[in-house]
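Hi,

Here is the structure I promised to pass on. My notes on it follow below.

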Amino acid sequence: MRKSLPSFPARLAVLLAAALALLLLAPAPATAERAVVGGHRVRTAEAPWAVALASRELFGAKRSGQFCGGAAVTPTKVITAAHCLSRAVLGKKWQEVRDLRVIVGRNDLRGTRGVEMAPAKVWVNPAYQSDDRAGDIAVLTLGRPLPPAYVIRMARAGDPAYRAGSKALVYGWGDTDGDGSYALTLRATAVRVLTDATCRSAYPGNAEGDYQSASMVCAGVPGGGRDACQGDSGGPLVADGRLVGLVSWGSGCAVAGRPGVYTRISAVVSLVAA
């Protein structure tokens, strides 16, 4: 379902670009707060490609209806986790959600800054299965392009950003403590990309989950304390300025020995054109 827009597309495009450009010049907030789990508050101007998925009808208006995250990877393509658009999350088929929106450039979900757009097209990976979680990706096509500065480059196979030990940041508006305390502003937490062996050891295919290196990457810190959490699903994991993962799953939040697991971007790059 498209968002109602004025009948002046050229003028709208100029206004959209101007509104987003102003966000890049906005001053940093004066108050620092805790982030994701174990992180810090950031401005959307620092991560303009980090977007929120929202439905006020389903999730209420207090936080603009935010329920998942995503990343803009082309001016008209936003990617998120397939499970974000599942019946388990939405309580209904995504096609039945009348006010699905992509929110760009909004620091504080209580406000109205930035822009909200209804996706012109939604594609959810039909190969995704919730039992094994592989291929956890969906693509939302926007009806109007974002400025080029609002796009992050995807890390392809062989990119050094995937090397174990690489410093990374995960972004989102989700739970900050693992107890349902959801963020009002965009946050990030610092983690490191871990070896596949570490990830397989944490999730060997038992009740904790099954890590599959071909389609997943995991990240965290040895002692726990930093991680994505509920509400961050679909959000970006960024290393060396490139998108390496989307928040997908894990056992608990920020638990030692249970790192976060992300959709490996190099495994799904070809699906973005779907």
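**What I found**

In the protein, residues 24 or more positions apart account for 70% of the contacts with a separation of 6 or more, a contact being heavy atoms within 4.5 Å. Please keep in mind that this is a predicted model: local features need pLDDT of at least 70, side-chain atom pairs count only at pLDDT 80 or more, and totals for chains, interfaces and linings use all residues. Residues are numbered from 1 along each chain as its sequence is written, and side-chain values use heavy atoms, with hydrogens and water left out.

Of the 274 residues, 52% count as buried (under 20% relative accessible area, 1.4 Å probe, protein chains only).

Now to the cysteines: the structure holds three disulfides (pairs of cysteine sulfur atoms within 2.5 Å). Counting bonded cysteines along the chain, their pattern is 1-2, 3-4, 5-6.

- C68 and C84 have their sulfur atoms 2.1 Å apart. The torsion about their S-S bond is about -90°, so this disulfide is left-handed. C68 is buried at 2% relative accessible area, and C84 is buried at 0%.
- C199 and C218 bond with sulfur atoms 1.8 Å apart. Here the S-S torsion is about -80°, so the link is left-handed. C199 is buried, with a relative accessible area of 0%, and C218 is buried at 1%.
- C229 and C253 have sulfur atoms 2.0 Å apart. With 85° about the S-S bond, their link is right-handed. Both C229 and C253 are buried.

Best wishes

Key: Buried < 20%, exposed > 50% of the residue type's maximum accessible area, 1.4 Å probe, protein only.
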